[in-house]
Amino acid sequence: MQAPDAPSSQEEDPPPIKTILIIEDDPDIGGILVQFFKDELPCQVILVGDGFAALKIIRTLVPDVILLDYLLPGMNGLECFDALRISKGLEQTPILLMSANLPKRARERKDLIFVEKPFELDRLLRQVQELFA
């Protein structure tokens, strides 16, 4: 019989670390976001500079949340969103579109979650935490 104060022989595994994929072509903004989330959350943060790099990385990594800039080189955020959404394993992954100039047609889409730039980091943090839930 084990004493009531003795530690259990079965230890719980720690919860898995969440992964945030940030797709942002401005290295200053991307760097700020990476550092902010690393400081505020127990998470892994991956930064890529365009949609093509994002589509390549998701072949080997399934993020828990994606932060996606709208104005990207080569492929805009809506095109990238659509390509990510049909990728195997990402059908339900939350994608947060960030933009200062999001077109009206994008704002009308029911499948998009977006945040206006400039945004307050604390508000963005709360949104990401809600998306993790």
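Contact here means heavy atoms within 4.5 Å. The model is predicted.

**Strand β1 and its partners**

Strand β1 covers residues 18-23, and five of these six residues are buried, so the strand is largely enclosed by the rest of the structure. From β1 the chain runs through helix α1 (residues 27-40) to β2, and this β-α-β crossover is right-handed. β1 pairs with two strands, β2 and β3. The table sets out both pairings.

| Partner of β1 | Residues | Sense | Bridges |
|---|---|---|---|
| β2 | residues 43-48 | parallel | six bridges |
| β3 | residues 65-69 | parallel | four bridges |

Individual bridges can be named on each side. Ile23 has Val48 of β2 as its bridge partner. Ile20 is bridged to Val65 of β3.

**Thr93**

Thr93 sits in the loop between α3 (77-85) and β4 (95-99). Which residues does Thr93 contact, leaving aside its neighbours within four places in sequence? They are Pro63, Asp64, Val65, Ile66 and Arg85. Among them, Val65 is also the β3 bridge partner of Ile20.

**A cis peptide bond**

Lys117 and Pro118 are joined by a cis peptide bond, with omega about -5 degrees. Pro118 belongs to the loop between β5 (113-116) and α5 (121-132).

Terms used. Residues numbered from 1 in each chain as written. Predicted model: local features only at pLDDT ≥ 70, side-chain atom pairs only at ≥ 80, totals over all residues. Heavy atoms only, no water. Buried < 20%, exposed > 50% of the residue type's maximum accessible area, 1.4 Å probe, protein only. Pairing = 2+ DSSP bridges. Right-handed = clockwise from strand over helix to strand, strands pointing away.
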